[in-house]
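Hi there,

Here is the structure I promised to pass on to you. Please open it alongside this email.

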Amino acid sequence: MTPSFYDFPDTFPDRQLLTADGVLTKGQMRYFNPKSDHILNRFDGLEGYLRRRLEAGVFSHRMQVVGDPGTRATVRDLAGREFTGINLSTVDYMGLSDHPKIKNAARRTLDTSRLHSVNTGPLLGNSPESGALETWMARHMGHEFGMLFPTGWAASFSGVAALARPGDHVLIDEYAHQSLKQGANAACDSVIKFRHLDNSEVANRLVALRKADPDAGVLVVTEGLYSMDGDAPDIRELLQICKDHRAALLVDICHDLGCTGPRGTGTLGLQGILGDPDLIVVGAFSKAFATNGGFLTTSNLGVIFAAYCFAGPYTYSTSLSPMQISIAQTGLEIAAGPEGAARRAKLEANIAATRGRAAEHGILAYGAPSPIVSLHVGSEKIARLACARAFRNGLVTTILEYPVVSRGKARFRLSMSPEHDEAVLIAAVDIIAESIDWARAYQAEIDAGADALSLEPAE
Ligand SMILES: Cc1ncc(COP(=O)(O)O)c(C=O)c1O
């Protein structure tokens with residue numbers, strides 16, 4: 001076994017360890033001291049907090065995946081403890097990450113190309129294959145021009161940062177991904193959040209902005225599918241609102257590309273607005289196409305040049321490797337063809353089975369059916385206990401809690417794939433339901449101040 005930072009035995013649930021300072025009750029930022037005059041000392045409190053959570057067995061971040069994660073996985077925490085179970089934490093929405101055709105394409109590329117791309121985009125980092133993928137991606141989105149980025153983060157950040165300039169305004173959904181928010185903050189001072197999916201607030205704000213600052217540019221930013229709540233905006237309506245007020249609209253389709261819509265064109269395809277000239281699209285290959293990488297599409301060549309000039313992660317970062325390009329291209333083609341349609345149908349059935357079983361247990365599934373199934377827990381304490389329990393009962397999964405989602409809305413986030421069997425998904429939801437019930441009962445005993453907790457540890 002590889003050495004870990006810490007070496008704690010697995011004593012979960014240990015009441016003394018679980019009730020130590022902050023283990024169940026506080027978030028990590030409470031222990032970060034930004035005021036210390038020595039930058040390295042700012043983390044002293046945080047280190048102790050993370051150590052306490054790890055010792056108590058309720059720290060599931062930064063785990064390592066041991067071996068090849070498939071529908072089952074083995075993970076190792078920072079204390080070296082290993083857990084094996086049904087894997088619902090790997091983001092592989094179309095189940096393509098072990099696809100023989102894609103692996104063969106990667107092998108062929110490996111045999112005929114260098115491992116690495118030679119440079120950044122502006123300095124010979126492009127090839128006929130990367131150019132073909134840019135064009136394919138653009139056509140798929142109904143646009144004329146495409147541009148590749150080293151990651152999805154780079155594409156999303158750059159799309160916003162390249163378009164808005166100082167003096168402009170960015171109107172952004174409050175739940176938009178950090179890459180988009182940081183791109184907006186890098187671009188201009190006026191970054192205005194609007195309520196999640198609230199098109200009428202966008203319309204009102206655009207009226208006010210146009211009145212107060214008629215000459216400034218305005219960029220509205222949203223996503224095709226939100227990965228925390230699994231919900232989607234009415235983009236068709238939002239686009240019309242943007243047109244009415246001469247605002248540009250950028251949509252990040254990271255989570256819906258491949259998984260929904262005709263030929264896997266996602267929410268834009270479903271809503272019939274592919275190729276609209278006022279849309280700028282960004283997205284990633286990492287969620288459904290088995291490789292890192294991001295893209296931007298547009299029908300405005302000026303946008304491509306803006307990204308050359310102002311998008312640091314394109315201009316100053318080494319381009320995708322030949323193998324990543326070949327993986328993305330093959331995966332996209334599969335998703336757009338008949339096999340993609342069959343995979344989407346199986347994915348849909350799996351999503352329905354998972355949400356249906358959750359409903360039978362009385363557990364709320366957030367949003368609409370999508371490859372992200374978020375199951376409500378509520379209290380952060382209960383979520384941490386329940387997640388630790390689920391790991392020990394044979395489920396590899398993740399929880400989300402504040403500040404990634406609102407306070408008191410902690411949840412299990414399950415990543416769906418067509419590779420799972422429905423029976424396995426039902427077993428996974430049963431583990432979650434049992435873990436939540438167990439965590440509530442355990443917490444009630446802690447709250448009651450019982451001396452010896454009677455509840456059994458996980459088998
Ligand atoms: C909406 C959105 N944009 C961009 C990214 C970053 O993508 P990548 O992990 O491919 O860099 C993510 C990642 O989860 C995301 O959810």
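Below is what turned up, starting with the ligand.

This is a predicted model, in which local features need pLDDT of at least 70, side-chain atom pairs count only at pLDDT 80 or more, and totals for chains, interfaces and linings use all residues. Residues are numbered from 1 along each chain as its sequence is written.

The ligand has 15 residues around it, the closest being Gly 152, Trp 153, His 177, Ala 284 and Ser 286 (a residue is near if its C-beta atom, placed from the backbone, lies within 6 Å). Helix H5, residues 152-163, gives the most to this shell, with three residues (helices are DSSP runs of H or I with at least four residues, strands are runs of E with at least two, numbered from the N terminus).

Next, strand E7 (residues 218-223): six of its six residues are buried, meaning that 20 or more other C-beta atoms lie within 10 Å of their own, again placed from the backbone. Val 218, Val 220 and Thr 222 cover one side, and Leu 219, Val 221 and Glu 223 the other. E7 runs parallel to strand E5 (residues 169-173), with four bridges, and parallel to strand E8 (residues 248-252), with five (pairing takes at least two DSSP bridges). Val 220 is the bridge partner of Leu 171 and also stands opposite Leu 249 in E8.

Finally, an open, antiparallel sheet of three strands has the order E11-E14-E13. Its edge strands are E11 (372-378) and E13 (398-400), each pairing on one side only.

Happy browsing!

Definitions and conventions
Buried ≥ 20, exposed ≤ 12 C-beta atoms within 10 Å, placed from the backbone.
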